[in-house]
Amino acid sequence: MSELTLTVMRLGFLAVLWLFVIVAVQVIRSDLFGTRVTQRPVARRTEQQPPAQARRAAQPPPRARQRRGAPSKLVITEGSLAGTTVALQGQTITLGRAHDSTIVLDDDYASGRHARIYPDRDGQWIVEDLGSTNGTYLDRGRLTTPVPIPPGTPIRIGKTVIELRK
Amino acid sequence: MSSASNTTVSTGGLPSRRNTELAMLVFAVVIPVFAYANVGLAKDETLPAGMLGYGLGLGLLAGVAHLVVRRYAPYADPLLLPIATLLNGLGLVLIWRLDQEPTITDPDFGGDGPMAANQLLWSTVGVALFLGTLMLLKDHRILQRYTYISMVVALALLVAPMVPGLGRQVHGARIWVALPGVGSLQPGEFAKIVIAVFFAGYLMVKRDALALASRRFMGLYLPRGRDMGPILVVWAVSLMILIFETDLGTSLLFFGVFIVMLYVATERTSWIVFGLLLSATGAVLVAQTSPHVGERVDNWLHPLALENDNVTETAQVMYSFGSGGLFGSGLGQGYSRLIGGIAPKSDYILATVGEELGLAGLMAVIILYGLLIERGMRTALAARDPFGKLLCVGLTGCFALQIFVVTGGVTGLIPLTGMTMPFLAQGGSSVIANWALIALLLRISDTARRPAPAPAPSLDAEQTQVVRA
């Protein structure tokens with residue numbers, strides 16, 4: 001076998017080996033771009049989009065629960081999840097350390113099922129403490145009963161502060 | 001861990017990516033076949049006769065594995081299987097290539113006979129175990145039930161080579177168990193998987209106690225005395241392995257994995273400090289008392305010193321790396337047979353890679369291992385349950401430490417230990433155990449990447465609220 005052929009094969013093999021490495025890196029490129037952190041419910045909703053829309057088209061549109069000026073998203077402003085937003089689409093949002101909560105709080109001061117935020121029939125968002133140990137604070141006051149949330153008022157749970165925004 | 005256990009990093013709306021895996025698998029089978037052709041052309045100027053057989057064998061294994069993954073773990077990571085297949089295939093080629101050297105193969109020259117066929121057989125057994133694990137283990141959390149049984153099994157596996165009549169001493173290390181009719185087995189390879197299950201189950205329960213109940217002293221968190229118990233027990237066991245089996249590698253692996261998992265579970269840097277201190281103490285102690293380990297350390301410190309008028313194996317490995325240079329001598333054209341015995345096939349297989357594929361090829365192989373480890377750690381991040389996270393870290397940590405210990409030993413970074421390069425090196429136990437390890441990683445990654453079950457549509461929730469009101 002000629003020297004040239006062997007040299008070509010030798011370098012060719014290295015090239016193929018590296019090509020495999022590069023292709024493998026390309027396959028995992030999606031890990032670096034387009035990842036999202038937690039918010040399992042958000043991930044679910046993107047998958048649920050088509051059926052939800054189909055349903056909306058099939059049925060008469062629900063009454064205008066999104067009143068003008070009603071908040072459209074929940075924003076976490078302080079705490080380890082700061083910067084996270086969750087769209088408000090009429091679903092109940094549970095907060096706590098339990099893994100099945102809508103927003104899983106990583107906070108030593110939060111209870112497993114700490115609080116929930118849900119819309120009443122008029123579309124007004126209500127926050128309710130679920131018997132947490134350290135309490136849920138709306139602005140300065142500790143919650144004892146379900147209370148409507150005024151827009152822009154901070155709700156504090158341990159070190160986490162959330163707000164409803166338009 | 002406290003933040004890691006609640007945070008899941010996922011790529012939103014993942015497709016199953018099984019077709020990507022299939023494409024990569026085809027690629028991973030083609031590369032070793034190319035290598036066969038390369039070796040054959042370089043040595044005999046013809047395409048080797050066994051090329052088709054080995055290529056088909058590897059392709060068949062990969063194909064069956066892929067189909068089973070498609071059926072039983074459809075959302076698993078697309079890279080773990082192809083990379084393992086490629087490394088296994090490359091290992092087969094390298095062993096087959098070394099079989100062509102009379103000084104290694106011919107019993108007249110002290111060789112052990114051709115081993116590539118055997119290695120293909122062991123790989124088949126390994127893939128069979130891989131398939132069995134994927135099919136029978138539907139959920140990795142079942143393993144959590146066997147936490148303490150795993151401990152007993154792991155200890156039994158570790159102690160087995162010390163039992164007289166059962167254990168065998170090969171090249172100074174007593175890490176083999178003779179099985180009548182089958183040959184011999186390295187139980188340590190299997191123990192590493194079982195012990196990861198135990199550590200994961202144990203630390204999941206104990207991590208809060210280990211992380212929180214501690215005093216602060218000079219910037220370090222000192223754990224309570226009774227929490228120190230388990231770490232000291234593991235340290236003592238690994239020292240026992242070191243002293244009675246004179247096996248530096250296994251001992252380092254077990255203690256290292258424990259420290260890694262302890263650190264991941266508790267997020268306390270002090271464990272790493274303690275671990276390093278304890279292992280350094282142990283290593284120095286044993287290096288001074290055990291002649292076998294002492295000799296290894298001497299070879300590491302003075303590789304070019306003459307030993308019985310011969311250069312040491314460590315020096316020969318360095319020569320072969322040097323002769324390979326940047327792009328290598330080409331497959332089948334190196335002189336790693338000069339290392340002597342059957343060591344080039346097992347402990348020093350990286351020397352052959354370094355000589356015949358050069359620095360470029362060696363780096364590619366190491367990056368392949370790195371990618372495998374990255375996928376494992378990534379799976380740990382994506383896993384939702386703490387047991388799965390810890391188990392994943394443990395298994396990947398074992399794999400990573402083993403690669404570090406072997407590569408470090410061969411390249412002269414640390415004293416050489418008698419461990420095998422996963423998938424690449426000749427050795428039945430190693431290849432079987434590592435296929436099982438990959439199966440467990442695939443199982444966890446399938447659970448981790450599986451899309452969450454669809455929630456109830458919000459309109460239903462609304463109707464419920466009307467009823468409640």
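Helices (H or I, at least four residues) and strands (E, at least two) are DSSP runs, numbered from the N terminus. UniProt lists this stretch, residues 93-143 of chain A, as "domain: FHA" in an unreviewed entry; UniProt positions are given in the numbering used here, feature names are shortened, and annotations may be inferred rather than shown by experiment. The model is a predicted one, in which local features need pLDDT of at least 70 and side-chain atom pairs count only at pLDDT 80 or more, while totals for chains, interfaces and linings use all residues. Residues are numbered from 1 along each chain as its sequence is written, and chains are lettered from A and ligands numbered from 1 in the order in which they are written.

Chain A splits into domain 1 (1-33) and domain 2 (73-165), with bounds that come from an automatic or database domain assignment. Taken over C-alpha atoms, the centres of domain 1 and domain 2 of chain A are 52 Å apart.

Now to the sheets of chain A. One is an open sheet of 5 strands, ordered E5-E4-E6-E7-E10 (chain A), with mixed pairing; two strands count as paired if DSSP finds at least two bridges between them. E5 and strand E10 (147-148) of chain A stand at the edges with a single partner strand each, so one side of each has no neighbour in the sheet. Strand E4 (residues 93-96) of chain A is joined to E5(A) (residues 103-104) by 2 bridges, and these strands run parallel. Here Gly96(A) stands opposite Val104(A) in E5(A). E4(A) also runs antiparallel to E6(A), with 3 bridges joining them. Across that pairing, Ile93(A) faces Ile117(A), and Thr94(A) has Arg116(A) as its bridge partner.

E6(A) and E7(A) make a hairpin with 5 residues between them, and Gly123(A) in the turn has a positive phi of about 90 degrees. In a regular strand, the side chains alternate between the two faces of the sheet. In E6(A), Ala115(A), Ile117(A) and Pro119(A) make up the covered face, whereas Arg116(A) and Tyr118(A) are on the uncovered one.

The other sheet is also open, with 6 strands in the order E3-E2-E12-E11-E8-E9 (chain A) and antiparallel pairing. Its edge strands are strand E3 (85-87) and strand E9 (141-142) of chain A, each pairing on one side only. Within this sheet, strand E2 (residues 73-78) of chain A and strand E12 (residues 160-165) of chain A run antiparallel and are joined by 5 bridges. Glu78(A) has Val161(A) as its bridge partner in E12(A).

Chain B has 18 helices and 8 strands. Of its 469 residues, 50% count as buried; a residue is buried if 20 or more other C-beta atoms lie within 10 Å of its own, exposed if 12 or fewer, and partly exposed in between, with C-beta atoms placed from the backbone. Among chain B contacts between residues at least 6 apart in sequence, 71% join residues at least 24 apart, where a contact means that the C-beta atoms, placed from the backbone, lie within 7 Å. Leu301(B) lies in helix H12 (residues 291-301) of chain B. Leu301(B) counts as exposed because it has 11 C-beta neighbours inside 10 Å. In space, Leu301(B) and Gly412(B) are 8.7 Å apart, C-alpha to C-alpha, though 111 residues apart in sequence.

As for confidence, the predictor gives the complex an ipTM of 0.84 and a pTM of 0.74. Chain B averages a pLDDT of 81, and 82% of its residues score at least 70; pLDDT is the predictor's confidence in each residue, from 0 to 100. In chain B, confidence is highest in helix H15 (residues 358-382), at a mean of 93, and lowest in helix H1 (residues 2-6), at 44.

Definitions and conventions: Contact = placed C-beta atoms within 7 Å.
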